[in-house]
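Colleague: I am new to this structure. Could you walk me through how to read it?

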Amino acid sequence: MRESQQRYSTVFDKSPFALALTRMPEGAIVGVNDAFLSLFECKRDEVLGKTSVELGVADPDSRAQVAAELQACGSVQGFEVLRTTKANTRLVLSLDLDWVSIGGENHILTTIHDITKRKQAESALRESEEKYRTLFNSMTEGFALHEIICDEAGAPCDYRFLEINPSFERLTGLHREAVIGKTVKEILPGVEAFWIETYGRVALSGEPAHFDRHSVILDRHYEVYAYCPTPGQFAVLFMDITERKRAEQELIEAQRRLGRERDILQTVMNGAKRSHLVYLDCGFNFVRVNQAYADTCGYQPEEMIGRNHFALYPQEENEAIFARVRDTGEPVEFHDKPFEFPDQPERGVTYWDWTLAPVKDEAGEVEGLVFSLFETTERKQMEQALRKAHDELELRVQERTKELADANRVLSNEITEHKRTEQALELERAKLRNIMDTMPDGIYIVNRQHDIEYVNPVIEREFGLVEGRKCYSYFHERAEACPWCKNEEVFSGKSIRWEWHSHKTQKTYDLFDTPMLNSDGGISKLELFHDITDRKQAEAELEQRNLELQVLSENEHKQRQLAETLRASAQALAQTLDLDIVLRTLLKHVRALVQSDTASVILLEGESLLSVRAVEGYERWTDPNQILSFKVDGANNPFYQKLIATRKSLLIPDTASEPGWEVFPGTEPIRNCIFAPILIEGKIIGVVGLSKAEPNYFTAEHAQWAEALVGQAAVAIQNAWLFEQVRAGRERLQSLSRRLVDIQESERRFVARELHDHAAQNLTSLILGLGAIEKEASQLPKIRARASELKTMTDGVLEDLHRLAINLRPASLDHPGLVPALEQLIKSFTQNSSLQIRFKAAGIGEDDRLPQEVETTLYRITQEALTNVVRHASAQRADVVLERRGDTALVLIEDDGKGFDLEKAKIGGHLGLLGMEERAEMLGGKLTVESVPGKGTIIVAEVPYADPNPARR
């Protein structure tokens with residue numbers, strides 16, 4: 001036992017954890033180890049005899065809180081306190097408190113862990129996460145993360161929302177609580193198949209996509225950048241460009257309208273045979289009205305624009321004609337068509353020549369009607385009068401000569417009116433020219449010979465006076481026709497739209513070329529110039545901004561990937577203290593982060609010897625066990641010495657050109673390496689190595705990522721390593737304790753055998769000898785009486801030795817087994833006390849045997865429990881049940897005695913209970929005690945059939 005205590009003291013003093021032993025209930029510290037003194041920067045005599053409150057480790061309130069929790073649960077794990085060192089350094093400490101009994105007195109063993117760096121790392125991680133979240137929430141672009149959903153054939157059929165930012169909600173009108181966790185078909189049942197197919201390709205192939213698209217269901221136009229952050233998922237960064245698209249569409253529409261208005265004006269100019277001109281849309285609403293038409297109707301032109309022709313002048317016949325021209329696209333012409341103005345009844349019946357011609361768009365669809373009229377009322381009346389005069393002339397030629405002259409004068413007036421009409425038509429041509437002169441866009445007309453027939457003021461301001469130059473000289477300063485000239489296509493009857501940048505004006509123009517029919521039947525080319533320089537600059541700026549956003553998105557993705565990996569790694573590493581699991585977890589996350597072919601963890605053993613403890617990825621080249629057998633002499637390794645000198649990651653671009661690189665068997669393909677040091681308090685305890693078969697693959701950023709992840713894992717590695725040492729120490733102590741019990745039982749067995757075989761035999765011989773003396777001294781009454789007394793005394797000694805041998809080690813426990821041994825034990829207690837004991841064995845017969853150490857443990861626990869019942873319980877009855885359940889054997893002892901307070905008994909450190917509990921735990925079992933004052937006690941001991949740790953034997 002002294003040796004065991006000495007070893008315990010050595011473990012206590014040399015433990016790498018700060019340990020303190022506090023005597024209860026006063027709370028005075030009675031022992032600390034060297035690690036405690038180093039952590040608190042104090043001397044032993046400054047600590048011993050003082051409480052945690054006096055040392056400033058805890059305040060009275062927290063000490064009371066811990067005491068209450070310790071009293072309720074038996075231990076307290078992970079209680080955090082703050083401590084400021086003499087150097088004014090603020091430490092965060094984690095305390096583990098457990099009850100221990102030493103010399104029959106209750107003590108608290110406090111294990112203190114310095115978790116300052118872990119807390120700092122957690123704080124840094126939280127800060128990083130907060131920065132990422134701030135960037136995520138403040139982005140003006142919409143962002144969303146999804147996972148793709150495929151059907152049984154593997155084709156994308158839906159996708160689920162995983163994360164969105166506030167801009168996503170603002171740009172789409174979809175709120176976070178309504179979309180997260182749901183699929184797009186649940187939220188937007190009518191979603192177009194394009195979105196699912198496009199995003200499916202991104203998520204499954206990993207290829208990004210960048211496109212503009214109008215969402216029919218949301219009625220918005222978006223510019224979208226989609227990429228694959230991880231297989232099966234895709235993220236989208238998008239902007240709402242609806243207003244930009246609308247502006248562009250309005251610009252296109254304005255240009256289209258401008259071109260169509262030119263065609264309309266040209267059609268009116270070519271088709272107008274009278275001076276009353278009107279242009280109507282397909283609903284017969286006035287779009288253009290000339291002054292003559294408006295005057296005839298009694299309005300101003302602007303008063304008629306937008307009003308419906310047949311609302312002003314309802315007539316079913318004419319409305320049917322208008323509808324037929326609109327629907328068939330075929331023009332009509334009427335002569336002397338009668339019409340009565342409903343708002344001018346005084347005019348009576350009027351007569352008109354009118355033409356109704358359709359105006360068609362590029363697709364050949366009718367988009368409006370040109371209505372040209374000339375009033376023939378006077379001519380009609382003159383014709384009627386002339387006809388009447390002609391009839392009268394036939395009857396009375398001689399008498400109507402004067403009327404014929406009058407008719408000739410009327411005819412002369414008609415000719416004059418015709419000339420007036422021609423002048424009016426020329427006036428309309430001038431108006432059209434005026435429109436072209438006042439347009440904000442440039443217009444010029446050129447013939448087949450490249451002669452410029454017309455330029456409007458905008459062209460002259462941009463390019464100067466024509467001065468008889470050809471178009472290629474005027475616009476391009478060339479001596480011959482331009483190779484890119486569109487004249488051939490235009491003069492063949494095509495309309496062409498294209499863009500051109502002028503080096504003369506340093507502007508970009510949207511050009512529209514179309515053929516134009518001249519009055520002489522010839523064809524010219526009309527070209528419309530629209531300055532789009534500002535738009536082009538805006539598009540260039542937008543493209544540049546998109547590139548910048550793409551770079552920002554990629555950087556953000558990298559930072560998010562690093563943060564997510566660090567967070568996942570921290571969570572995984574914090575869940576275990578198993579060193580092998582910690583190392584495998586570290587390798588798994590670091591390989592995922594930097595995409596290395598292989599990874600390994602090399603830990604320091606002794607001063608400079610390095611051993612490989614964990615590997616991943618070597619299966620493609622060699623047996624991983626071969627790598628695990630490698631040892632490296634750090635003192636002679638130049639790369640390890642660089643790590644010691646810099647305490648920073650080491651990047652080797654190409655091992656083939658690296659002096660001092662040593663090739664181990666199985667590592668020949670390695671060409672590119674990163675070595676990240678595992679640092680604890682500035683000291684290297686190991687190295688994480690990452691490698692690629694491809695030279696120059698790793699970058700400085702990869703090295704920074706690996707260093708960050710390894711730095712985060714260093715504390716977990718140290719904790720797991722220390723825990724492994726403590727666990728190994730505990731197992732050694734348990735093995736020693738078990739060995740001690742085995743030795744005790746062996747010694748008891750030996751003493752019992754010696755008493756039985758030697759002392760009992762000698763005493764038996766003594767009895768026989770005394771019997772002989774008694775016979776021989778039959779004549780001597782005194783000698784006979786003395787001999788009889790000696791015989792009786794010897795019988796008593798023999799009986800005592802027999803009982804002692806049974807108590808030390810009953811022979812029945814070694815030969816018949818546990819059931820007969822317990823029956824003999826119970827019989828002995830019944831004979832020597834007033835206690836009535838009932839025994840029952842279930843699942844175990846008298847001939848059945850359990851492992852020797854199991855039988856010994858259950859026997860001793862039963863013996864100790866019944867001894868306590870006889871001594872302390874004042875019980876009348878007790879029951880003992882031995883039972884085998886599956887792979888477990890248990891013994892139950894129940895009495896009807898006065899019971900006891902279990903908590904007080906634990907605090908009091910009753911050795912009987914502690915001894916029974918330790919015996920059960922040595923075999924991997926447990927002891928359960930239930931007792932209530934006045935209601936008896938139940939003790940249940942459960943142990944497995946076989947020792948779960950056979951190596952301890």
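Colleague: Which residues in α13 are buried?

Modeller: Two notes before that. This is a predicted model, where local features need pLDDT of at least 70, side-chain atom pairs count only at pLDDT 80 or more, and totals for chains, interfaces and linings use all residues. Residues are numbered from 1 along each chain as its sequence is written, and side-chain values use heavy atoms, with hydrogens and water left out.

Modeller: Now the idea. Buried means under 20% relative accessible area, exposed over 50%, and partly exposed in between, with a 1.4 Å probe and protein chains only. Helices (H or I, at least four residues) and strands (E, at least two) are DSSP runs, numbered from the N terminus. In α13, the buried residues are Asn318, Ile321, Phe322, Ala323 and Val325.

Colleague: What covers the buried residues of α13?

Modeller: An α-helix has 3.6 residues a turn, so residues three or four places apart point the same way. Contact here means heavy atoms within 4.5 Å. The cover over the buried residues of α13 includes β11, α12 (309-312), β13, β14 and β15.

Colleague: How does α13 run relative to β13?

Modeller: Axes are lines fitted to C-alpha atoms, for helices over the stretch in contact, and angles run from 0 to 180 degrees between N-to-C directions. Helix α13 (residues 316-328) lies across β11, β13, β14 (349-360) and β15, and runs at about 160 degrees to β13.

Colleague: How many residues has α13, and what does it reach from its first C-alpha to its last?

Modeller: The expected span of a helix is 1.5 Å times one less than its number of residues. α13 has 13 residues and reaches 18 Å, close to the 18 Å expected. Gly329 follows α13, with a positive phi near 75 degrees.

Colleague: What is the strand order in the open sheet that holds β11?

Modeller: Strands of a sheet pair through backbone hydrogen bonds, either parallel or antiparallel. Two strands pair if DSSP finds at least two bridges between them. The order in this five-stranded open sheet is β12-β11-β15-β14-β13, with antiparallel pairing. β12 (286-289) and β13 (332-340) are at the edges with a single partner strand each, so one side of each has no neighbour in the sheet. On average, neighbouring strands of this sheet are turned by 25 degrees against each other, direction ignored.

Colleague: How many bridges join β11 to β15?

Modeller: Six bridges join β11 (residues 276-281) to the antiparallel β15 (residues 366-375). Val278 is opposite Phe371 in β15.

Colleague: Which strands form the open sheet that holds β16?

Modeller: Its five strands are ordered β17-β16-β20-β19-β18, paired antiparallel. β17 (452-455) and β18 (496-502) stand at its edges, each with a single partner strand, so one side of each lacks a neighbour in the sheet. Antiparallel strands β16 (residues 442-446) and β20 (residues 523-531) are joined by five bridges. Tyr444 faces Glu527 in β20.

Colleague: What joins β8 to β9?

Modeller: Seven bridges join β8 (residues 209-215) to β9 (residues 220-227), and the two run antiparallel. His214 has His221 in β9 as its bridge partner. Their hairpin has four residues between the strands, and Asp219 there takes a positive phi near 55 degrees.

Colleague: Is Glu163 buried or exposed?

Modeller: Glu163, in strand β7 (residues 156-164), counts as buried because its relative accessibility is 16%. A polar contact is a pair of N or O atoms within 3.5 Å; within protein, one must be able to donate a hydrogen and the other to accept it, and residues adjacent in sequence count only if both atoms are side-chain atoms. The side chains of Glu163 and Arg176 make one of 2.4 Å.
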